[in-house]
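This briefing is meant to be read beside the sequence and the coordinates.

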Amino acid sequence: MDDTRTFGRWLKEQRASLGLTQEQLADRIGYSVETIQKIEAGKRRPSRQAAELLVAALGLPPEDRVEFIRRLRATLPPTTPPDAAGTPSLPGMHTAGAGRGRNLPIPPTPLIGRETELARLRELLLTNGARLVTLVGPPGIGKTRLAVAAAYRLRDEFPDGVCFVELAPLTNPELVPATIVAALGLAAASAALPERVGGYLRDKRLLLVLDNCEHLPAVAEQVDRLLQAAAGLQVLATSRTPLGIYGEQEYPVPALRVPDLQTTLAPAELEHYEGVRLFVARVRDIDPGFALTPEE
C-alpha cells in the first residue's frame with residue numbers, strides 16, 4: 001500500500017471491498033456510526049481495543065493484520081509506549097500489546113488541583129485494598145481525567161501494570177468482554193469468554209480502569225465475575241451512577257473549588273481556587289497574554 005494514504009482512507013477501502021456500509025461495520029463492532037465516520041475522516045484516532053475489534057470485523061488475514069497495526073501506530077502520538085514483548089497470551093489468542101502503563105491516554109493538558117482526590121484514591125486502592133472504586137458524578141465533572149491521573153500515579157504499585165478500557169463508544173453490551181480483552185493486549189481468535197479473561201488475570205496484580213460505564217448495564221456483571229475470578233485484580237471505574245456490586249466503594253467526584261461570588265478577592269487570592277486556575281488556563285489557550293487583573 002502507498003504510505004501516503006491515511007489510516008482512515010485505508011479503513012474505508014477495506015470496508016468497501018467487503019461491501020459493508022459504515023452502519024454495518026459499526027454494528028459489527030458495537031460502536032456508533034459517528035465513531036466510524038470520524039475514524040475514516042481522520043478526525044479520531046482509534047484506540048487499541050477499537051483496532052482489535054475492527055481487525056475481527058474486517059476478517060483480515062494474518063499478513064494484512066501486520067499492515068493494519070502498522071498504520072494504526074502511525075496515527076498514535078510519538079510518546080505512546082511501544083508494545084512490550086513476552087506478554088503471556090491465552091489459548092487461541094495472540095498478544096497485541098502490554099506494558100506497565102498499557103494503553104493509558106496521554107492527557108492533552110496538565111491536571112489542575114485534585115491532590116486531595118488523588119490521595120484519597122491511593123488510600124482506597126492501596127491502603128484499604130478496595131477491589132472496586134467507582135468515580136461517580138455528572139458529565140463534565142472530571143471523572144475520566146481524575147481516573148487517568150490516578151492510574152499514572154499508581155502504575156508502579158501494580159506489578160502487572162494498569163490497563164485503560166474505553167467503553168464510551170460501545171453501543172452493544174455483549175462486546176464488553178471483547179473490548180476488555182483487546183485493551184489487555186489480547187486479540188481473540190474466536191469469541192472471548194469472560195471465563196478466559198478471568199483465567200488470564202487470575203495470577204495477576206493489575207489495576208483495570210473502566211471508563212464510562214453508565215450506559216452499559218452488562219458491565220456490572222462482567223466486573224463482578226472478573227473480581228471473583230482474579231484475587232489480585234482491582235478496578236477503578238467511572239460512571240454517572242454506581243455499578244451496584246457488593247463491596248463497591250463509591251467515590252463522588254466534587255467540582256473544583258470556586259470563590260464565593262459575593263466576596264471581592266484580589267487576583268492573587270483568586271488563584272488559590274482550582275476552578276479559577278482552570279478557567280484562566282482555558283482562556284490562555286485562546287489568548288496567551290491573558291492575566292487576572294482587578295479589571296478583568
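Two residues are said to be in contact when they have heavy atoms within 4.5 Å of each other. The model is a predicted one, in which local features need pLDDT of at least 70 and side-chain atom pairs count only at pLDDT 80 or more, while totals for chains, interfaces and linings use all residues. Residues are numbered from 1 along each chain as its sequence is written, and side-chain values use heavy atoms, with hydrogens and water left out.

**Overall make-up**

- The secondary structure of the protein comes to 12 helices and 7 strands, where helices (H or I, at least four residues) and strands (E, at least two) are DSSP runs numbered from the N terminus.
- Of the 296 residues in the protein, 44% are buried, a term that stands for under 20% relative accessible area, with exposed meaning over 50% and partly exposed in between (1.4 Å probe, protein chains only).
- Among contacts between residues at least 6 apart in sequence, 73% join residues at least 24 apart.

**Helix pairs**

- Helix α2 (residues 22-29) packs against helix α3 (residues 33-40) at an angle of about 115°, with the two axes 8 Å apart; axes are lines fitted to C-alpha atoms, for helices over the stretch in contact, and angles run from 0 to 180 degrees between N-to-C directions.
- The helices α2 and α3 are therefore roughly perpendicular to each other, on a scale where angles under 35 degrees count as roughly parallel, over 145 as roughly antiparallel, 65 to 115 as roughly perpendicular and the rest as oblique.
- On the α2 side the contact is made by Gln22, Glu23, Leu25, Ala26 and Ile29, and on the α3 side by Val33, Ile36, Gln37 and Glu40.
- Sorted by class, the contact of α2 with α3 has 5 nonpolar, 2 polar and 2 charged residues, with Ala, Val, Leu, Ile, Met, Phe, Trp, Tyr, Cys and Pro counted as nonpolar, Asp, Glu, Lys and Arg as charged, and the others, Gly among them, as polar.
- Helix α6 (residues 115-127) and helix α7 (residues 143-154) pack at an angle of about 60° with their axes 10 Å apart, and α6 and α7 are therefore oblique to each other.
- The crossing of α6 and α7 is also right-handed.
- From α6, the residues Glu115, Glu117, Leu118, Leu121, Arg122, Leu125 and Leu126 meet Leu146, Ala149, Ala150, Arg153 and Leu154 of α7.
- By class, the contact of α6 with α7 has 8 nonpolar, no polar and 4 charged residues.

- In helix α8 (residues 176-183), 7 of the 8 residues are buried, so the helix is largely enclosed by the rest of the structure; the buried residues are Val176, Pro177, Thr179, Ile180, Val181, Ala182 and Ala183.
- Just after α8, Gly185 takes a positive phi of about 90°.
- Helix α12 (residues 274-286) has 13 residues and reaches 19 Å from its first C-alpha to its last, close to the expected 18 Å, the expected span being 1.5 Å times one less than the number of residues.
- In α12, Glu274, Gly275, Val276 and Val280 are buried, and what covers the buried residues of this helix includes α11 (267-270).

**Individual residues**

- Thr109 is placed in the loop between β1 (93-95) and α6 and is partly exposed, with a relative accessible area of 28%.
- Leaving aside neighbours within four places in sequence, Thr109 is in contact with Arg145 and Arg282; Thr109 and Arg282 are 173 residues apart in sequence and 9.7 Å apart in space, C-alpha to C-alpha.
- Arg114, found in the loop between β1 and α6, is buried at a relative accessible area of 6% and has a phi near 70°, a positive value in a residue other than glycine.
- Gly198 lies in helix α9 (residues 194-201), counts as buried at 1% relative accessibility and, neighbours within four places in sequence aside, is in contact with Leu226, Ala229 and Ala230.

Definitions and conventions: Left-handed = near helix turned anticlockwise from the far one by under 90°.
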